[in-house]
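Here is a friendly walk through one protein model, from its helix pairs to its sheets and its database record. Keep the structure open beside you as you read.

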Amino acid sequence: AKKKPLVVVTRKLPDSIETRMRELFDARLNLDDTPMTPEQIAEAVCTADVLVPTVTDMIGEELLKHPDCKLRMIANFGNGVDNIDVTAAHARGITVTNTPKVLTEDTADMTMALILAVPRRMIEGAAILTEGKSWPGWSPTWMLGHRIGGKRLGIIGMGRIGQAVARRARAFGLQIHYHNRRPVAPKIAEELGATYWESLDQMLARMDIISVNCPHTPATYHLLSARRLKLIRKEAYIVNTARGGVIDEDMLIKLIEAGEIGGAGLDVYEHEPAVNPKLVRLARAGKATLLPHMGSATIEGRVEMGEKVIINIRTFLDNHKPPDRVLPSML
Ligand code: 8YV
């Protein structure tokens, strides 16, 4: 019988996905989910035909340029591919795929949840009851947040997730503004009632809530730089469910501490899984709501991501172009 291609999966995946992978491939799975060390990943790159990494695995140029690298495909379990040097992979003829679309709605739900939770102080309020603090009882002036309806939401990155956020936000009465490399199709802009800002600077200076929904690429690293963060209004909130590296996190912290930005709702961080203790302090002071990278964390979503990975691998091994190829020109 023909030797099955070796597929190395770096993390534990849903059971149904692992079962299917075992049937289809010579699958080396990670059943106890201990993250692979850089050495183990380097070894995998030199033995596997296909690698299935996640956001926690850095697949850099050095690994891909290694003379013993025999990888033919990197089928990322995740939408964002900032963990992979796509250009280096491409230069070496390695196909890269991701798992778009199946996590759009889940990520948009979590973004909307933060857009609601931060101004309305939901997590702060919940903590009063669950962390054994004393509740003085209802009062007309206690635990007041800010109204959502009528406020201006500025979405940075109007791709699939940004648009799904806009759709939700519109139902909550927010005014939709966005910055993107180019405007969305007029039909979509009309459906979303969305105003395009070519200038990110100008948009930032006028928004009540800012939501980061763009990919992390070399071009968007610290897109919200120190200079741009200073343009944001004092009362405004920032929500980030994309990637921590899009925001200069140290400056964000400084500005919230100084009362120059109202607060933040974050699902992602610059140095995951480390979370800057200053952010935790801000959260305790009711100035930040922090989630541990849960944007796409639904059982349904993770199974569908796994199914996408399998389709991409099978199509590739059948010598066809996989549906979710990522090319350097797309970044
Ligand atoms: C996952 C994500 O948490 O797809 C992404 O870009 O951030 C999430 O779906 C993770 O990336 C899985 O690798």
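## Helices H1 and H13

Which handedness does the crossing of H1 and H13 have? The crossing of these two helices, H1 and H13, is right-handed. Please bear in mind that this is a predicted model.

Helix H1 covers residues 15-24, and its axis lies 9 Å from that of H13, at an angle of about 15 degrees. Angles under 35 degrees count as roughly parallel, and H1 and H13 are therefore roughly parallel to each other. On the H1 side, the residues that meet H13 are Ser16, Ile17, Arg20, Met21 and Leu24. Their counterparts in H13 are Val303, Gly306, Ile310 and Arg314. By type, the residues of this contact between H1 and H13 divide into five nonpolar, two polar and two charged.

## The five-stranded sheet

Helix H13 (residues 299-317) also leads us to a sheet, for H13 lies across E1, E3, E4 and E5. Relative to strand E4 (73-75), helix H13 runs at about 160 degrees.

These strands belong to an open sheet of five strands, with parallel pairing and the order E2-E1-E3-E4-E5. At its edges are strand E2 (26-28) and strand E5 (95-97), each of which pairs on one side only. From one strand to the next, the twist averages 15 degrees.

## Helices H5 and H7

Now for another helix pair. Helix H5 (residues 104-117) packs against helix H7 (residues 160-171) with the axes 8 Å apart and an angle of about 50 degrees. H5 and H7 are therefore oblique to each other, and their crossing is right-handed.

From H5, the contact draws on Thr104, Glu105, Thr107, Ala108, Thr111, Met112 and Ile115. H7 contributes Arg160, Ile161, Ala164, Val165, Arg168 and Ala169. Sorted by type, the residues of the contact of H5 with H7 comprise seven nonpolar, three polar and three charged.

## The seven-stranded sheet

What is the order of the strands in the open sheet of seven strands? Reading across, the order is E8-E7-E6-E9-E10-E11-E12, with parallel pairing. Strand E8 (194-196) and strand E12 (288-290) stand at the edges; each has a single partner strand, so one side of each is left without a neighbour in the sheet. Neighbouring strands of this sheet are turned by 20 degrees against each other on average, direction ignored.

Ala264 stands opposite Ala288 in E12.

UniProt, in an unreviewed entry, lists residues 16-326 as "domain: D-isomer specific 2-hydroxyacid dehydrogenase catalytic". In the model, the span 16-326 is 38% helix and 13% strand, and its end C-alpha atoms lie 26 Å apart.

A further UniProt annotation, also from an unreviewed entry, is "domain: D-isomer specific 2-hydroxyacid dehydrogenase NAD-binding", covering residues 112-295. Over residues 112-295, the chain is 33% helix and 15% strand. The end C-alpha atoms of residues 112-295 are 10 Å apart.

Terms used:
Residues numbered from 1 in each chain as written. Predicted model: local features only at pLDDT ≥ 70, side-chain atom pairs only at ≥ 80, totals over all residues. Pairing = 2+ DSSP bridges. Helix = DSSP H or I, 4+ residues; strand = E, 2+ residues; numbered from the N terminus. Axes fitted to C-alpha atoms, helices over the stretch in contact; angles between N-to-C directions. UniProt positions renumbered as here; feature names shortened; annotations may be inferred. Parallel < 35°, antiparallel > 145°, perpendicular 65-115°, else oblique. Left-handed = near helix turned anticlockwise from the far one by under 90°. Contact = placed C-beta atoms within 7 Å. Nonpolar A, V, L, I, M, F, W, Y, C, P; charged D, E, K, R; others polar.
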